[in-house]
Amino acid sequence: QVQLVESGGGLVQAGGSLRLSCAASGPPFSRYDMGWFRQAPGKEREFVADINKNGAGTYYADSVKGRFTISRDNTKNRLYLQMNSLKPEDTAVYYCAAAAGRGYDNWGQGTQVTVSS
């Protein structure tokens, strides 16, 4: 079981930027595909972006494509989400997650992102 801790959330005005980080500990980080998800109050959790084990492949939800960039540093056991051109509808708790064969079954505690208009 990998342990995940998100950080970097906060309050930002529309059009601004934030970088989220996810620190991993436990099994070798490079074993896992990694993803970012988000959940707004009263809404279902939704997929944001993911990245494969070696960082060569990425995939984004249409809602964030062209604005967000997912990356990882396997030497530091870190996952990142660079968020640019933020919109109020990006407001949510953001979670990082790890997948080892059977989908995303390891989750962090989440970090709040609030985008004001």
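Leaving aside neighbours within four places in sequence, Ser116 is in contact with Leu11, Val12, Gln13 and Ala14, where contact means heavy atoms within 4.5 Å. Ser116 belongs to strand β11, residues 111–116; strands are DSSP runs of E with at least two residues, helices are runs of H or I with at least four, and both are numbered from the N terminus. With a relative accessible area of 30%, Ser116 is partly exposed. On this scale buried means under 20% relative accessible area, exposed means over 50%, and partly exposed lies in between, with a 1.4 Å probe and protein chains only. The C-alpha atoms of Ser116 and Lys76 are separated by 32 Å, and the two residues are 40 apart along the chain.

The structure is a predicted model, in which local features need pLDDT of at least 70 and side-chain atom pairs count only at pLDDT 80 or more, while totals for chains, interfaces and linings use all residues. Residues are numbered from 1 along each chain as its sequence is written, and side-chain values use heavy atoms, with hydrogens and water left out.

The protein chain as a whole contains eleven strands and zero helices. Its radius of gyration is 13 Å, close to the 13 Å that the globule rule gives for 117 residues, so the chain is as compact as a globular protein of that length. The radius is taken over C-alpha atoms, and the rule is 2.2 Å times the number of residues to the power 0.38. Along the principal axes, the C-alpha atoms fill a box of roughly 40 × 25 × 25 Å. Of the 117 residues, 39% count as buried. Among contacts between residues at least 6 apart in sequence, 53% join residues at least 24 apart.

The accessible surface of the protein chain comes to about 6,200 Å², and carbon and sulfur atoms account for 46% of it. These areas come from the Shrake-Rupley method with a 1.4 Å probe; for residues, only the protein chains shown count as cover. The mean positions of the 13 positive and 10 negative charges are 5 Å apart. Lys and Arg count as positive and Asp and Glu as negative, with His and the chain ends not counted; each charge is placed at NZ of Lys, CZ of Arg, CG of Asp or CD of Glu.

Two strands pair if DSSP finds at least two bridges between them. Strand β3 (residues 18–25) runs antiparallel to strand β8 (residues 78–83), and six bridges join them; Leu18 stands opposite Met83 in β8. Strand β7 (residues 68–73) also pairs with β8 in the antiparallel sense, over six bridges, with Asp73 opposite Arg78. Between β7 and β8 lie four residues, and the two strands form a hairpin. Asn77 lies in the loop between them and has a phi near 55°, a positive value in a residue other than glycine. Asn77 is partly exposed, at 28% relative accessible area.

Within β3, Ser21 counts as buried at 15% relative accessibility. Apart from neighbours within four places in sequence, Ser21 is in contact with Val5, Glu6, Ser7, Trp36, Leu79 and Tyr80.

Strand β9 is mostly covered, seven of its eight residues being buried. Strand β4 (residues 33–39) pairs with β9 in the antiparallel sense over seven bridges, and Met34 has Ala98 as its bridge partner in β9. Strand β11 pairs with β9 over three bridges, also antiparallel, with Tyr94 opposite Thr111. Three bridges likewise join β9 to the antiparallel strand β10 (residues 104–107), where Trp107 stands opposite Ala97. A hairpin is formed by β9 and β10 with four residues between them, and Gly101 in the turn has a positive phi of about 95°.

The loop between β5 (46–51) and β6 (58–60) holds Asn54, which is exposed at a relative accessible area of 58%. The C-alpha atoms of Asn54 and Asp33 are separated by 8.3 Å, and these residues are 21 apart along the chain.
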